[in-house]
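Reader: Could you take me through how to read a model like this one? I'd like to begin with packing.

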Amino acid sequence: MARRNNKGRTSSPVPYASEPAQTEEAKLDFTKPTEFVELPSGGRLYPPDHPFYMKQDVEIRFMTARDEDVLSSKTLLNKGLALDRLLQGLLVDKVDVKSILVGDRNALFVAARISAYGASYEVNVGCPKCGAREDHEFDLSSLSFRHIADDIELTESGTFIVKLPRTGVDAEVRYLNLNEQEYLTKNAAARTKNNLPETTTTDFLKMSIVAIDSETSKTKINSFINNMPAMDSLEIRKAYGRVTPDVDLKQDYNCSSCGATTALEVPLAGNFFWPQR
């Protein structure tokens, strides 16, 4: 999922062989090493004005002790900003981290974790069959990608077209970034808290559909959505699932208590960037 950048980034600027002895200052003077991380989306779901548009991979620097300070900041942790701040600092090309697709973020976090602490990730897990808990070691280097399905028709703008079976129209749909997904989640929670009717499906459709048969008027699109047949709504949500790029976080887990083998998802828990000592 990641590849090392050119050797000059990881080596000392003072050659080791056939050169005078280094001064103490020279030993401490080195450039920050970086690596290129492949994006599960291949940059295909970003709009043309996004820095990741059509990029197969992006460059991040290796984590440092100062990055560990970010991850241990109580203020950032309480605000839920620690991982965002970490990613913002690791990216060589600056970009709003909330605009990055969830699957691409996962790939960047996994690559950063491997370069910082290695591919071995030990965490306490529970067996889905018997409920017993034990420490289990995941191999992060063996994780694979889920790419965009071949039957999805993408446009040059990073959107995709869905032919609706009941009405027969073409819906142009865009993939939502993390910021937009979080907005929908918070909006749903607020409506529940205030005892308002749930609008989860229509809210999602209104945010993701950008055109119906080339009609881009939000008023007309929203009106269409409010009266959309359930079969058409389901078709859009099924297509959305097939277009979703991500890191496949599932690995086989064999329970030492009951002997059952199940596919367990690697938990991106609090100690993901703090391996057990």
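Author: Setting aside neighbours within four places in sequence, L91 is in contact with F52, V58, E59, I60, V97, I100 and L108; contact means heavy atoms within 4.5 Å. Bear in mind that this is a predicted model, where local features need pLDDT of at least 70 and side-chain atom pairs pLDDT 80 or more, while totals for chains, interfaces and linings use all residues. Residues are numbered from 1 along each chain as its sequence is written, and side-chain values use heavy atoms, without hydrogens or water.

Reader: Which residues touch the most other members of the largest nonpolar core?

Author: A nonpolar core is a set of buried Ala, Val, Leu, Ile, Met, Phe, Trp, Tyr and Cys residues joined through side-chain atoms within 4.5 Å. Here the largest one has 62 residues, and L91, I209 and I236 touch the most other members. Helix α5 gives the most to this core, with six residues.

Reader: How much of the chain counts as buried?

Author: Buried means under 20% relative accessible area, exposed over 50%, and partly exposed in between (1.4 Å probe, protein chains only). By that rule 39% of the 277 residues are buried.

Reader: What span should α6 have?

Author: The expected span is 1.5 Å times one less than the number of residues. The 16 residues of α6 (178–193) should therefore span 22 Å, and the end C-alpha atoms are 22 Å apart, which agrees. L178, E180 and L184 are buried in α6, and what covers its buried residues includes α5 (102–117) and α7 (200–208). At the start of α6, a side-chain oxygen of N177 comes to within 3.1 Å of the backbone nitrogen of N179.

Reader: And S99, buried or exposed?

Author: S99 is buried, at 13% relative accessible area, and sits in the loop between α4 and α5. A polar atom of its side chain lies 2.6 Å from the backbone oxygen of D96. Leaving aside neighbours within four places in sequence, S99 is in contact with Y46, H50 and N177.

Reader: How many disulfides does a search of the whole structure find?

Author: A disulfide is a covalent bond between the sulfur atoms of two cysteines; the cut-off is a pair of sulfur atoms within 2.5 Å. The search finds zero. For C127, the nearest cysteine sulfur is that of C255, 3.7 Å away. The sulfur of C130 is 3.7 Å from the closest one, in C258, too far for a bond. C127 is buried at 5%, whereas C130 is partly exposed at 41%.

Conventions:
Helix = DSSP H or I, 4+ residues; strand = E, 2+ residues; numbered from the N terminus. Polar contact = N/O pair within 3.5 Å; in protein donor to acceptor, adjacent residues only side chain to side chain.
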